[in-house]
Amino acid sequence: MDIKRLEEFCVLAGTGSFRETAEILGISQPLLSNHIGLLEKRLGTRLLERNAHSVTLTEAGSRFLGDAREIIQEYSQIINSVGNVSKNEGLGIRIGFSGFIIPSRLGPFLDTVNLQYPNIDLELFDDRNYDIEHSVREGEIDIFFSYAPEKFFCPGIVREEVYNTKALVLVPLHHHLAHKSSLSLADIDGERFVLYPQGRERAYNEAEREILLRSGISFSLYEGSVSPGAHFILVPVGKGLALCPRTTRDLIPPNTVALPVIDPNFEMTMYMFYSENSPNPYVSEFVENFRTFRIGG
């Protein structure tokens, strides 16, 4: 049944006049009369009582009017739904992160996103070519995950804490501290550290610097160039110690041990950064669902 015929009938029921309805719809009165006649023939019942000046609904017409309006409303909802899908077609989530693996619990969450939206594009980028402030603000990255210092903020970008984790110290097996089960600040005082390298984004590197500065120990830094993630490999070859989030302790390189430090300041905080004004319609839903997933998990 043509939805246009239902719309014409509903307008006619409201005006009670073929002439007025034809003017509203922008069609001729004889054509409108023909359409209504075909509709009645299709339904096998009279919908209208006609006289010289007006039309009124029959009992069947009154019942059919409610059904027609409901059908039109449902049809409109379907069209809007399809339109939204079409409008968002080809969109996805562009996720940036600092670190050599994606943050804890983000991986399992992305599995659920992919199951719920199998056609969505999930794109992951590290911090070698993207940063938080510029990339998120300009829409190059939708959501950025990174460890960051406590006072690290970007104007116009929301910073939301994801989790805290202990910072372990990576020590080579040949180091004199490797036999210990835990370390004190005095144990690591005066040591050289290989920090997470500065890519385009500096937050992770600054978070590690903040931990060492906050501890009050004296330390030096390895100044050579290295790619993100590869800095751990410099530990077993003797270039220095390194900090390692407890959440990634299972991925330390061979000939290395990860030891906890007996000090409450040796903690790292993972944050999620995003723009509330993002033009990507998936961002707000992603953020809300990730909150729920993280709390539930």
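Helices are DSSP runs of H or I with at least four residues, numbered from the N terminus. On that basis, helix α9 gives the most to the lining of the second largest cavity, with 4 residues. The structure is a predicted model.

**Aromatic pairs**

- The structure holds 12 aromatic pairs. One of them joins Phe109 and Phe293 in a tilted arrangement, with 5.4 Å centre to centre and 55° between the planes.
- Phe109 belongs to helix α5 (residues 106-116) and Phe293 to helix α9 (residues 282-296), so this pair ties together parts that are 184 residues apart in sequence.
- Phe109 has a relative accessible area of 3% and is therefore buried, the limit for that class being under 20%. Phe293, at 21% relative accessibility, counts as partly exposed.
- A second tilted pair is formed by Tyr271 and Phe273, whose ring centres lie 6.1 Å apart with their planes at 55°. Both Tyr271 and Phe273 are buried.
- Phe109 and Phe293 also belong to a cluster linked by ring pairs, together with Phe145, Phe286 and Phe290.

**Charges over rings**

- Arg159 is placed over the face of Phe153, at 4.0 Å from the ring centre.
- The charged end of Arg159 also sits over the ring of Tyr271, 4.0 Å from its centre. Tyr271 thus takes part both in this arrangement and in the tilted pair with Phe273.

**The second largest cavity**

- The structure holds 2 cavities of 30 Å³ or more. The second largest cavity has about 60 Å³ of space.
- Its lining consists of Ile93, Phe109, Val113, Tyr117, Ile120, Tyr282, Glu285, Phe286 and Asn289.
- By class, this lining has 7 nonpolar, 1 polar and 1 charged residues.
- Helices α5 and α9 each supply at least two residues of the lining.
- Phe109 and Phe286 line the second largest cavity, and both are members of the phenylalanine cluster described above.

**Ser135**

- Ser135 is located in helix α6 (residues 133-137).
- With 0% relative accessibility, Ser135 counts as buried.
- Leaving aside residues up to four places away in sequence, Ser135 touches Tyr130, Glu140, Ile141 and Arg200.

**Gly66**

- Gly66 is part of helix α4 (residues 59-88).
- The relative accessible area of Gly66 is 39%, which means that this residue is partly exposed.
- Gly66 and Tyr130 are 64 residues apart along the chain, and their C-alpha atoms are separated by 56 Å. Tyr130 is also among the residues that Ser135 touches.

**Gly99**

- Gly99 is found in the loop between β3 (92-97) and α5.
- At 8% relative accessibility, Gly99 counts as buried.
- Apart from residues up to four places away in sequence, Gly99 touches Asp127, Tyr196 and Tyr204.

Terms used: Residues are numbered from 1 along each chain as its sequence is written. This is a predicted model: local features need pLDDT of at least 70, side-chain atom pairs count only at pLDDT 80 or more; totals for chains, interfaces and linings use all residues. Side-chain values use heavy atoms; hydrogens and water are left out. Buried means under 20% relative accessible area, exposed over 50%, partly exposed in between (1.4 Å probe, protein chains only). Contact means heavy atoms within 4.5 Å. Rings of Phe, Tyr and Trp (its six-membered ring) pair if their centres lie within 6.5 Å; planes under 30 degrees apart count as stacked, over 60 as edge-to-face and the rest as tilted. A charge sits over a ring if NZ of Lys or CZ of Arg is within 6 Å of the ring centre and within 35 degrees of the ring normal. On a 1 Å grid over the protein atoms alone, a cavity is a set of points where a 1.4 Å probe fits but cannot get out, and a pocket is an open set with protein on both sides within 12 Å along at least five of seven lines; lining residues have an atom within 4 Å of a point. Grid points are joined across faces, edges and corners, and a volume is the space filled by probe spheres set on the points. Ala, Val, Leu, Ile, Met, Phe, Trp, Tyr, Cys and Pro count as nonpolar, Asp, Glu, Lys and Arg as charged, and the others, Gly among them, as polar.
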